[in-house]
Amino acid sequence: MKSGAAVSGPEANRGVVSAVRGSVVEVHFDARLPAIHSILRAGAEQQIVIEVLVQLDDHRLRGIALTPTQGLARGMPVVDSGGPLKAPVGRQTLSRMFDVFGRPIDRLPAPAPVEWRSVHRAPPPLASRSTQSAIFLTGIKLIDVLVPLERGGKAGLFGGAGVGKTVLLTEMIHNMLGTQQGVSLFCGIGERCREGEELYREMKEAGVLPNMVMVFAQMNEPPGARFRVGHAALTMAEYFRDDEQRDVLLLIDNIFRFIQAGAEVSGLMGQMPSRLGYQPTMGTELSGLEERIANTDSGAITSIQAVYVPADDFTDPAAVHTFSHLSASIVLSRKRASEGLYPAIDPLQSSSKMATPGIVGERHYRLAQEIRRTLAQYAELKDIIAMLGLEQLSPEDRKVVARARRLERFLTQPFFTTEQFTGLSGRLVSLEDALEGCERILADEFQNVPESALYMIGAIDEVKLKADDEAKRKTDDASRGNPGLARANQEAKVSEEATHNAQTGKAGKEKASQQEAGHVDSSDDA
């Protein structure tokens, strides 16, 4: 039976609306009360969907509307669907975009055949979980080197508004679908509808849509819909992991909106708020969602979640509760974004539980620690440089600053998803290339190369090409801007050629005279 479809006929369990308070609806049933999480339908065409949350007494219940309640009034009939909210699962859902009810929103016919499963599911039991730790490679240098992600783990992208969370998520989708035969599932919770449309179009143009499913509840929808869309997306992801035994990349944008929707629902239901106005059940609700994301014997759901941090305050309860579930925390810095260092990840605040010698290997661990140490020393020296200037530092400290600045620029990377804005073609960098580049920079191999030559490149081998291009461009720009300089350059070039020719001619004459002398000597001997 389709998600939330009403049961019609004489056997249907029917009730009557007794009160409507915004999105909160109270219903009176004379017969049996529907179970918690049951879906009720009301309205002229039963288009208003209500989820049962509280049973008040033997005949009354209180639910939250998952759709707008315009037109709903006291005395209207309500029909119990007989089951919870359901989501469509199956291969037919690939390359499609759905809302929280499993209805397609990409202007295409509904997929068939599909199976409908409840969005309320228990996490996998401990006995079926995998105990092996493996690294999930993204092709992004800074993440793979300093904040390695766990296959089947949960990573958080923390940052305020406009620092690049969504761009980083879309780049990971592009890289994962381009290099691995997995399924990607994008869940948009309370985000802008424009982002969903752009993502759909970009993925279609990139040719990666056939292995992708998108589920959206945008920010203008009621809190009930925004609160349940994460569960619907997880149900679809669990099908590919458990039934098809495939690896799934689940991207959630934004997990803070899930917590925010839960706070709205809690407030509407009349619960006493806890610290800073959040719902008292925030920890339980977040755990119910996060614990379903796991690595099992059959496959893995690797989740990367954008986390909006209110006012860049990392002590906010939403950020604190989310931190406790994550195996890696990627912190985005507004300061680095303003300096043009993209991705704007703060390497000193970001961390990963995978960055241990036993998992990533001794060489990778040692390099990552050395990079962090160099960047931390540079951060400490910034105040001295600002007050006294770079010249006042000791020679050793100046070397540290040079290494750190080159590392910062090498760890930037042009993205495939931003090619149309930057004009730079995207780069996918292997872990070995990224480690080799950092190792060579720390060994001062590029101390005579301009810092700008390491900015926005892929592998370290591109440095020489970029340095040559920049030198040529500077010469051309100078020539165009100053005819005298152009003439001087030309004269210098001519003079250089003349000197070269003269030296060549002189060498030729010397050689000829030597040969002649040798010939004379040989004739005398004869």
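Mentor: Leaving aside residues up to four places away in sequence, Ala355 touches Pro148, Val360 and Tyr365. Please keep in mind throughout that this is a predicted model. As for its setting, Ala355 lies in a loop, the one that runs between β18 (351-352) and α9 (357-360). Ala355 counts as partly exposed because its relative accessible area is 27%, a value that falls between the 20% under which a residue is called buried and the 50% over which it is called exposed.

With that way of reading in hand, you can turn to a set of positions taken from a record. The unreviewed UniProt entry places the feature "binding site" at Gly159, Gly160, Ala161, Gly162, Val163, Gly164, Lys165 and Thr166. From this set, the lining of the largest pocket takes in Gly160, Ala161, Gly162, Val163, Gly164, Lys165 and Thr166.

Two glycines of the annotated set can be read side by side. Gly159 has its place in strand β12 (residues 154-159), whereas Gly162 is found in the loop between β12 and α2 (165-179). Gly159 is classed as buried because its relative accessible area is 1%, and, with residues up to four places away in sequence not counted, Gly159 touches Lys165, Val307, Tyr308, Val309, Asp312 and Leu332. Gly162, on the other hand, has a relative accessible area of 76%, and is therefore exposed.

Finally, there is a group of strands to follow in another stretch of the chain. Strand β2 (residues 24-29) pairs with strand β5 (residues 60-65) in the antiparallel sense, over five bridges, and within this pairing Val24 stands opposite Ile64 in β5. Strand β4 (residues 48-55) also runs antiparallel to β5, and five bridges join the two; here Val54 stands opposite Arg62 in β5.

Terms used:
Residues are numbered from 1 along each chain as its sequence is written. This is a predicted model: local features need pLDDT of at least 70, side-chain atom pairs count only at pLDDT 80 or more; totals for chains, interfaces and linings use all residues. Side-chain values use heavy atoms; hydrogens and water are left out. Two strands pair if DSSP finds at least two bridges between them. Helices (H or I, at least four residues) and strands (E, at least two) are DSSP runs, numbered from the N terminus. UniProt positions are given in the numbering used here, feature names are shortened, and annotations may be inferred rather than shown by experiment. On a 1 Å grid over the protein atoms alone, a cavity is a set of points where a 1.4 Å probe fits but cannot get out, and a pocket is an open set with protein on both sides within 12 Å along at least five of seven lines; lining residues have an atom within 4 Å of a point. Buried means under 20% relative accessible area, exposed over 50%, partly exposed in between (1.4 Å probe, protein chains only). Contact means heavy atoms within 4.5 Å.
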